[in-house]
Amino acid sequence: MGKKFYIETLGCAMNVRDSEHMIAELTTKEGYEPTDRLEEADLILINTCSVREKPVNKLFSEIGVFNKRKKAGAKIGVCGCTASHLGEEILKRAPFVDFVLGARNVSKITEVLHRPGAVEVDIDHDESRYAFGEFRTSAYKAYVNISIGCDKKCTFCIVPHTRGEEISIPMELIVREAEKAARHGAKEIFLLGQNVNNYGRRFSGEHPKTNFTELLRAVSEIEAVERIRFTSPHPLHMDDAFLEEFADNPKICKSMHMPLQSGSTRILKAMKRGYTKEWFLDRAEKLRRMVPDVSISTDIIVAFPGETEEDFEETMEVIERVRFEQIFSFKYSPRPLTPAQSYDDQIPDDIGSARLTRLQNRHHEILDEMKRERIGKVVDVYFEELRPGGQAAGRSDNNMLVIVPGSEELLGRTLPVRIVEAGRTSHRGEVVA
Ligand code: SAH
Ligand code: F3S
């Protein structure tokens, strides 16, 4: 009987890819097989997120439950960003944990597995040239990392402390990986980094000067690649050349994530985001002019320390003007190791909650107006997964989630679909014969 592992992945797309890397290492080098039944696993991994406080608190109660349910002798490993920032402390608070593996150390999974009590959380560790084994969750879409770490110092954000300094992955490795995935049927390539459009600022070792726009062009030249997505770009680095490539390159999907964080220039400065409200609006409005069908998503933090009613109104004004198709909105959460946690003027929780509710309500009203215009439209959908009840789901070029009656024969194909019903996050449609 082969050994089995169970893995839970929290957080962002980068974590999803890190989990795929660990799965690849475990299956190709250690002969493990995946299971979705915790009780039969010989190894239990939890790949954690530490961006906000809540998931971190939940972690300890969750691994306690894992420890009770696991079979005798099974190992538990805590991986990812919370592993990076708590390190040893995890073993102190939960002595039954077998090892702790940081977000920048996932290549060491096969090693820590055999070292009880191992804590590998070095944020200077360089995995930018590491050749991971092959594993992909989806046959139709491939995540490809383009950099590790983040060099920005946004004052609310713990990521630079858990993933370390930013190093770009050599372009030839990225192109080779994308080529291979596409040849195996993943026609959509999803480029990943904490700050993708900062690509090329630093490599480990010699590398010719380049940038994200050139990388996009190189990936789009791979014949088998039909669609390119990426996350997350930073509004500061959205120069004209990048916007033009985005607009003109037919393989680049027309959905852009533009993490605003705040609409107040004063707060943006306190966050050290490097752009102003005017710059953000200029970029978003330019994008809407250049790509009329574009969908724009964003991240917003309300109640950052010192945020006044006037500052918050400026955020509300930006959402009126840009009319985002999707908003990931959060109440500010003070994080260890970050400058903003020690700012004096922290905002009371009830004010934060009220602002969050107001923002989300207004966003929903805007979405309800926009979604009516979508009914009857025909969009090209690339089908990626089956849904219960004889349905298939996929995304339009501009990232609308569309569900149609259908089965396996739709998967991996791009077909025209008429939208018959539009919700805030998903749409029902029928394939146009
Ligand atoms: N570079 C990544 C950022 C990762 S964190 C990106 O641009 O997507 C993802 C989002 O979580 C951030 O954009 C921010 O909106 C939110 N976030 C980060 N730290 C936070 C904090 N301390 N409190 C609340 N939200 C936070
Ligand atoms: Fe965090 Fe800012 Fe980097 S949000 S991940 S420090 S771009």
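The model is predicted.

Which residues of H12 are buried? They are Asp311, Phe312, Thr315, Met316, Val318, Ile319 and Val322. Buried here means under 20% relative accessible area. Viewed down the axis of H12, these buried residues fall within an arc of 155°, so they line one face of the helix.

Now check the length of H12. The helix runs over residues 309-322, which makes 14 residues. At 1.5 Å a residue, H12 should span 20 Å. Its end C-alpha atoms are 20 Å apart, so expectation and model agree. Just after H12 comes Arg323, with a positive phi of about 50°.

Turn next to ligand 1. There are 14 residues around ligand 1. Gln194, Ser232, Gln261, Asp299 and Ser333 come nearest. Gln261 places a polar side-chain atom 2.7 Å from an oxygen atom of ligand 1. Arg52 also reaches an oxygen atom of the ligand: an N or O atom in the Arg52 side chain is 3.1 Å away from that oxygen. Ser333 uses its backbone instead, with an N or O atom 2.7 Å from a nitrogen atom of ligand 1.

How much of ligand 1 does the protein cover? On its own, ligand 1 has 540 Å² of accessible area, and the protein covers 88% of that. S13 and S14 are the elements that give two or more residues to the shell around ligand 1.

Technical notes
Residues numbered from 1 in each chain as written. Chains lettered and ligands numbered in written order. Predicted model: local features only at pLDDT ≥ 70, side-chain atom pairs only at ≥ 80, totals over all residues. Heavy atoms only, no water. Helix = DSSP H or I, 4+ residues; strand = E, 2+ residues; numbered from the N terminus. Expected span 1.5 Å × (residues − 1). Buried < 20%, exposed > 50% of the residue type's maximum accessible area, 1.4 Å probe, protein only. Arc of directions from axis to C-beta. Near = heavy atom within 4 Å. Polar contact = N/O pair within 3.5 Å; in protein donor to acceptor, adjacent residues only side chain to side chain. Areas by Shrake-Rupley, 256 points an atom, 1.4 Å probe, with all protein chains shown as cover.
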